[in-house]
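Student: I have this model open and would like to go through it region by region. Could we begin with a loop?

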Amino acid sequence: MPRIDADLKLDFKDVLLRPKRSSLKSRAEVDLERTFTFRNSKQTYSGIPIIVANMDTVGTFEMAAVMSQHSMFTAIHKHYSLDDWKLFATNHPECLQHVAVSSGSGQNDLEKMTSVLKAVPQVKFICLDVANGYSEHFVEFVKLVRAKFPEHTIMAGNVVTGEMVEELILSGADIIKVGVGPGSVCTTRTKTGVGYPQLSAVIECADSAHGLQGHIISDGGCTCPGDVAKAFGKAGPWCRGREGRRKRAPCTSPGAGADFVMLGGMFSGHTECAGEVIERNGRKLKLFYGMSSDTAMKKHAGGVAEYRASEGKTVEVPYKGDVENTILDILGGLRSTCTYVGAAKLKELSRRATFIRVTQQHNTVFS
C-alpha cells in the first residue's frame, strides 16, 4: 500500500495574515534590514533578505547593480564567464557583498566557480543549485565545497523536507533553498508528480533549520508582495520537532518562517533582465524561462538529453521598464504588512504574524 500523509499542507493562496493592534504611526518606521551570522561560515551579513533567483534571465549583473543599492541580494546565474566576473568586480565593487556565485554539482561547475572566487575574493557567498537536492552526490558535493571554501557562506538546494534540510546543514551548508515545483515557469509537478505546497514546506523546513542554527530561503511560489510577506511569516502554535513529531508549544527558534525569500518571476520582464525587448501587436515583451526548459537547455547544453524531460516553460512577459519600481512596490508592501501586524522590524514579523485559512484571497470582479 502506498503511504499517504493526510496532514493538511498549505500554499500562499490558502492563508491570509491576521491584523493586530499596532503602535506604529507610519510605514516609514519599519526597518526591513536583517543581520544574520551563519552557522558554518561564521560570516555575518546585513541587508534586506530578498534574493533575485539565479536564473539567466533575472540573475544578471545589471540586476545586482540595482539590488545592491537597496541592500538586496542577487544570486548571479552560473553562465557568466570569468572575464565577465572580473569586469563586473572592477565596475561595481560596491555590489560584491550582495551577490553569490552560482554552481551546479559537476566538475566543470566546481572548476569555474573556483576560478571566479579566486579572481574575485570579495564574493563570500556560494549558491549550489540543483533541481533535486535529495541525491547523495549533491550531499557529497556540499561537503567538498565546504572543505574547499571553509569561510564562504553556502546556499544549497532545493529540498522541501526537514530531514534533508538538516542533512545539508550538517554537511556544511548555511542556508537551504526550499521549494520543489512552485515557480511560475517550473513544470516539475506536472512532469513528475513531485512537489510540496510552498508555505507548509517553508514552515517545516524553517523549524528544522533553526533548530541547528541554520537558515532557509523560500524559493519560488510568490506572485505578489503579499506572498513575500507570508513567506517571512510564522508557523503559529503548532511546530514540528526534528523527528517529525508534532508538539504543542510555541517555536523558540529565531523565527519559524523563511529567513530569505528568492524571487524569479516577480523580477522578470525588466530592463535589467537578459534578452532584448520584443515588440508584437503593439505590445512590448521580454522572454522568461525556467532553467530546466527546452530554451535553457538548448542555449547552454545543446538541447534536452534523451534520458530526461524538460521541466520548465518559456513565456513572454510584459515589459515592465526599470526594476526600481518593482523593488519599491515589494518593499512598500512588506512595510505595510509589518504595520498591519505591529512589527517595527522585519525580524519581528515572524513573532507577530498569525495565519488564518481562507477560501478566497481577494475580490476578482475587475481582475
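Predicted model: local features only at pLDDT ≥ 70, side-chain atom pairs only at ≥ 80, totals over all residues.

Student: Is Lys-42 buried or exposed?

Tutor: Lys-42 counts as exposed, because its relative accessibility is 61% and the cut-off for exposed is over 50%.

Student: And what is the phi of Lys-42?

Tutor: Lys-42 has a positive phi of about 65°, although it is not a glycine. Most residues other than glycine have a negative phi.

Student: Where is Ser-71 found, and what is its phi?

Tutor: Ser-71 lies in the loop between helix H1 (61-67) and strand S5 (73-76). Its phi is positive, about 60°, and Ser-71 is not a glycine either.

Student: Buried or exposed, in the case of Ser-71?

Tutor: Ser-71 has a relative accessibility of 18% and therefore counts as buried, the cut-off being under 20%.

Student: What does Leu-128 touch?

Tutor: Setting aside residues up to four places away in sequence, Leu-128 touches Ser-103, Met-113, Phe-138, Phe-141, Val-142, Val-145, Ile-154, Met-155, Ala-156 and Gly-157.

Student: Gly-157 interests me. What is the peptide bond from Gly-157 to Asn-158?

Tutor: That bond is cis, with omega near 20°. Asn-158 belongs to strand S8. Most peptide bonds are trans.

Student: Now the helices. At what angle do H2 and H3 pack?

Tutor: Helix H2 (residues 82-91) and helix H3 (residues 107-119) pack at about 25°, and their axes are 10 Å apart. H2 is therefore roughly parallel to H3. The crossing of H2 past H3 is right-handed.

Student: Which residues make the contact?

Tutor: From H2 they are Leu-82, Trp-85 and Lys-86, and from H3 they are Ser-115, Val-116 and Ala-119. This contact of H2 with H3 divides into 4 nonpolar residues, 1 polar and 1 charged. Trp-85 was also named among the core residues with the most contacts.

Student: How do H4 and H5 pack?

Tutor: H4 and H5 pack at an angle of about 30°, with 9 Å between their axes. Phe-138, Val-139 and Val-142 of H4 meet Met-164, Glu-167 and Leu-168 of H5. The residues of this contact of H4 with H5 are 5 nonpolar, no polar and 1 charged.

Student: Which residues of H5 are buried, and what covers them?

Tutor: In helix H5 (residues 162-170), the buried residues are Gly-162, Met-164, Val-165, Glu-166, Leu-168 and Ile-169. Their cover includes helix H4 (136-148), strand S8 (153-159), strand S9 (175-178) and H7. Just after H5, Gly-172 takes a positive phi of about 125°.

Definitions and conventions. Residues numbered from 1 in each chain as written. Heavy atoms only, no water. Core = buried A, V, L, I, M, F, W, Y, C linked by side-chain atoms within 4.5 Å. Buried < 20%, exposed > 50% of the residue type's maximum accessible area, 1.4 Å probe, protein only. Contact = heavy atoms within 4.5 Å. Axes fitted to C-alpha atoms, helices over the stretch in contact; angles between N-to-C directions. Helix = DSSP H or I, 4+ residues; strand = E, 2+ residues; numbered from the N terminus. Parallel < 35°, antiparallel > 145°, perpendicular 65-115°, else oblique. Left-handed = near helix turned anticlockwise from the far one by under 90°. Nonpolar A, V, L, I, M, F, W, Y, C, P; charged D, E, K, R; others polar.
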